[in-house]
Amino acid sequence: MSEKERVALGSVGASAALTVAKTTVGLATGSLAILSEAAHSLIDFAATALTYFAVRVSDKPADAEHHYGHGKLESVSALGVIALLY
């Protein structure tokens with residue numbers, strides 16, 4: 001596993017933990033504000049998961065179908081992350 005993958009996986013874990021914690025606290029207290037923050041954290045989790053997927057695939061070497069490698073996927077997936085966070 002490359003350093004980029006480890007960092008991206010750490011981000012996925014952190015955003016998942018925040019989502020679970022905010023959801024738990026929001027449900028326990030009945031606070032709509034905290035539940036809305038949990039929903040926001042869920043979107044952040046989706047963005048970090050997409051980033052992790054992109055980093056894993058973009059590190060693959062060139063093959064018969066992708067003569068210059070898979071690196072462009074990181075740039076394309078950044079558009080998806082921007083759309084999620086916008």
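**View 1. Leu18, a partly exposed residue of helix α1.** Leu18 has a relative accessible area of 49%, so it counts as partly exposed (buried is under 20%, exposed over 50%, partly exposed in between; 1.4 Å probe, protein chains only). It sits in helix α1; helices here are DSSP runs of H or I with at least four residues, numbered from the N terminus. From Leu18 to Gly30, 12 residues along the chain, the C-alpha atoms are 17 Å apart. This is a predicted model, where local features need pLDDT of at least 70 and side-chain atom pairs count only at pLDDT 80 or more, while totals for chains, interfaces and linings use all residues. Residues are numbered from 1 along each chain as its sequence is written, and side-chain values use heavy atoms, leaving out hydrogens and water.

**View 2. Helix α1 against helix α2.** The axes of α1 (residues 3-29) and α2 (residues 32-58) come within 8 Å and cross at roughly 165 degrees (axes are lines fitted to C-alpha atoms, for helices over the stretch in contact, with angles from 0 to 180 degrees between N-to-C directions). That makes the pair roughly antiparallel, a label for angles over 145 degrees.

View 3. Lys22 belongs to α1 and Glu37 to α2, so the bridge ties together parts 15 residues apart in sequence. Both ends are partly exposed: Lys22 at 23% and Glu37 at 39% relative accessibility.

Conventions. Helix = DSSP H or I, 4+ residues; strand = E, 2+ residues; numbered from the N terminus. Parallel < 35°, antiparallel > 145°, perpendicular 65-115°, else oblique.
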